[in-house]
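Hi,

Here is the structure I promised to pass on to you. Have a look at it first, then read my notes below.

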Amino acid sequence: MQRETDEASQIDAVVHRLGERFPDIDPPVIEAAVSSSLRDLAAARVRDFVPVLAERSAKQKLRLQASA
């Protein structure tokens with residue numbers, strides 16, 4: 001249970017960091033990019049790196065959207 005709480009707080013921090021990095025993108029769009037990245041990683045057995053990998057994936061998605 002603690003591990004899930006830790007991961008959730010890390011994901012909240014990811015959303016916050018991406019919001020600061022992409023201030024011109026609406027927060028719901030950022031949350032959707034992170035959620036999409038998390039769904040892609042849902043089957044990951046080792047959860048320790050999920051927040052980092054989700055942030056990297058969401059950042060790529062948001063970069064593409066920002067440049068469009």
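Q10 is found in helix α1; helices here are DSSP runs of H or I with at least four residues, numbered from the N terminus. Q10 counts as partly exposed because its relative accessible area is 37%. For that label, buried means under 20% relative accessible area, exposed means over 50%, and partly exposed is in between, using a 1.4 Å probe and protein chains only.

Before you go on: this is a predicted model, where local features need pLDDT of at least 70, side-chain atom pairs count only at pLDDT 80 or more, and totals for chains, interfaces and linings use all residues. Residues are numbered from 1 along each chain as its sequence is written, and side-chain values use heavy atoms, with hydrogens and water left out.

Back to Q10. Its C-alpha atom is 9.4 Å from that of V50, which is 40 residues away along the chain. Between Q10 and A32, 22 residues apart in the chain, the C-alpha separation is 16 Å. A32 belongs to helix α2 and is partly exposed, at 43% relative accessibility.

Now for the inside. Which residues make up the largest nonpolar core? There are 10 of them: I11, V14, L18, F22, I25, I30, A33, V34, A58 and L62. At least two come from each of α1 (2-21), α2 and α3. (A nonpolar core is a set of buried Ala, Val, Leu, Ile, Met, Phe, Trp, Tyr and Cys residues joined through side-chain atoms within 4.5 Å.) Take I11: setting aside neighbours within four places in sequence, I11 is in contact (heavy atoms within 4.5 Å) with V34, L38 and P51.

Not counting residues up to four places away in sequence, S37 touches A54, S57, A58 and K61. A polar atom of the S37 side chain also sits 3.0 Å from the backbone oxygen of A33.

Finally, the outside. V46 is in the loop between α2 (27-40) and α3 (50-67), and it counts as exposed because its relative accessibility is 51%. Together with F49 and L53, V46 makes a nonpolar surface patch of about 290 Å². Patch residues have over 30% relative accessible area and no salt bridge; like charges are joined within 9 Å, and nonpolar side chains (Val, Leu, Ile, Met, Phe, Trp, Tyr) within 5 Å. A salt bridge is a side-chain nitrogen of Lys or Arg within 4 Å of a carboxyl oxygen of Asp or Glu. Accessible areas come from the Shrake-Rupley method with a 1.4 Å probe, and for residues only the protein chains shown count as cover.

Cheers

Definitions and conventions
A polar contact is a pair of N or O atoms within 3.5 Å; within protein, one must be able to donate a hydrogen and the other to accept it, and residues adjacent in sequence count only if both atoms are side-chain atoms.
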